[in-house]
Amino acid sequence: MSGTTAAARRTGGWTPWLYLAPALVVLGGLLVYPIYQLGLISFLEYTQAQVSGGEPTTFKGLDNYATLFEDPQFWQVLLATVVFAAACVLATLSLGCALAVLLTRVRAVPRLALMMAALGAWATPAITGSTVWVFLFDPDFGPVNQVLGLGDHSWTYGRYSAFALVLLEVVWCSFPFVMVTVYAGIRAIPGEVLEAASLDDASQWRIWRSVMAPMLRPILVVVTIQSVIWDFKIFTQIYVMTNGGGIAGQNLVLNVYAYQKAFASSQYSLGSAIGVVMLVILLAVTLVYLRLLRRQGEEI
């Protein structure tokens, strides 16, 4: 009898993996294999000559990474990417959480209108949204300059104004995910808890900081990590709105920089090396963030 029970337990232990097997196979084909190819090319001499078959592919080891790390432009672009992504994440989370709280304070009709408008922005393709924002801030025909009386002021000429313009577009198409997710989490909080905080004359900010945020921490972890990943690998908005990275590359981020190296310069191995560096950075940020939360005793 005990042998039968042990066999049943072993069989039951494999059951979840059998259900997950189809999804794991798909993920392996769509995620693991491309990452493997990306890492492989980053260790090779792989330019247009190798792609066309004119020269043989040779193994270079870490030479591509050494070339990349010795390039001052790489470090400038990396710093710009980190600062820009951090600003996007903070702005997106702040606006999304604020609107999520607002949704709990308004009536059904305004709440539905706000959610529909936000989801419309979220569902807009990045290239479409970027094109619309470029038109809105166009120096010749844009309605924003006309309303503000700025004449032919170019928002994409200056480095910081161009980054600010892209940041606004990124936040516009990203905050709905945070808003809807956090709003769902707030609705799951027992009403008695929020009512007790209100009876204690706590301000809305105090209720959010001391009651809502701790109870919503698992949800905030998810939206924070996803926002970091999305904003760190921004490509379309920068490429479309700054015409490929701005004047003299002043608005380059790592994804656009990798695209220029790989396709504009035909240095596919360097482009792959940049992709690997981005992957390592994102993994490190995610693991460090989760580790800090676990040290604080949070269940993830």
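Mentor: Buried means under 20% relative accessible area, exposed means over 50%, and partly exposed covers what lies in between, with a 1.4 Å probe and protein chains only. The model is predicted, so local features need pLDDT of at least 70 and side-chain atom pairs count only at pLDDT 80 or more, while totals for chains, interfaces and linings use all residues. Residues are numbered from 1 along each chain as its sequence is written, and side-chain values use heavy atoms, with hydrogens and water left out.

Trainee: How many helices and strands does the secondary structure of the protein come to?
Mentor: Helices (H or I, at least four residues) and strands (E, at least two) are DSSP runs, numbered from the N terminus. Along its principal axes, the C-alpha trace of the protein spans about 85 × 75 × 30 Å. The secondary structure comes to 14 helices and two strands.

Trainee: What share of the contacts with a separation of 6 or more joins residues 24 or more positions apart?
Mentor: A contact means heavy atoms within 4.5 Å. Of the 300 residues of the protein, 35% count as buried. Among the contacts with a separation of 6 or more, residues 24 or more positions apart account for 66%.

Trainee: Which helices do the buried residues of α10 pack against?
Mentor: Helix α10 covers residues 204–215, and its 12 residues reach 15 Å from the first C-alpha to the last, close to the 16 Å expected at 1.5 Å a residue; the expected span is 1.5 Å times one less than the number of residues. Ile207, Trp208, Val211, Met212 and Ala213 are the residues of α10 that are buried. The buried residues of this helix pack against α4 (72–103), α8 (159–187), α9 (191–199) and α11 (217–232).

Trainee: How far apart are the end C-alpha atoms of α11?
Mentor: In α11, the residues Leu220, Val221, Val223, Thr224, Ile225, Ser227, Asp231 and Phe232 are buried. With 16 residues at 1.5 Å a residue, α11 should span 22 Å, and the distance between its end C-alpha atoms agrees with this, at 22 Å.

Trainee: Are α4 and α5 roughly parallel or roughly antiparallel to each other?
Mentor: Leu99, Leu102 and Leu103 in α4 meet Arg111, Leu114 and Met115 in α5. The two helices, of which α5 covers residues 108–123, pack at an angle of about 150 degrees, with their axes 10 Å apart. An angle over 145 degrees counts as roughly antiparallel, under 35 as roughly parallel, 65 to 115 as roughly perpendicular and the rest as oblique. The pair α4 and α5 is therefore roughly antiparallel.

Trainee: Which residues is Thr124 in contact with, leaving aside its neighbours within four places in sequence?
Mentor: Thr124 has its place in the loop between α5 and α6 (126–136), and at 23% relative accessibility it counts as partly exposed. Its C-alpha atom is separated by 27 Å from that of Gly158, which is 34 residues away along the chain. Once the neighbours within four places in sequence are left aside, Thr124 is in contact with Gly129 and Trp172.

Trainee: Which residues is Ser272 in contact with, leaving aside its neighbours within four places in sequence?
Mentor: Ser272 has its place in helix α14, which covers residues 268–295, and with a relative accessible area of 8% this serine is buried. When its neighbours within four places in sequence are left aside, Ser272 is in contact with Leu38, Ile41 and Ser42.

Trainee: How far apart in space are Gly13 and Ile207, C-alpha to C-alpha?
Mentor: Gly13 is found in helix α1, residues 2–42, and is partly exposed, with a relative accessible area of 44%. Ile207 is among the buried residues of α10. In sequence Gly13 and Ile207 are 194 residues apart, and in space, C-alpha to C-alpha, they are apart by 44 Å.

Trainee: Does Ala248 count as buried or exposed?
Mentor: Ala248 lies in the loop between α12 (236–241) and α13 (254–264). Although it is not a glycine, Ala248 has a positive phi of about 55 degrees. At 81% relative accessibility, Ala248 counts as exposed.

Trainee: What is the positive phi of Ser266?
Mentor: The loop between α13 and α14 is the place of Ser266. Ser266 is not a glycine, yet it has a positive phi of about 60 degrees.

Definitions and conventions: Axes are lines fitted to C-alpha atoms, for helices over the stretch in contact, and angles run from 0 to 180 degrees between N-to-C directions.
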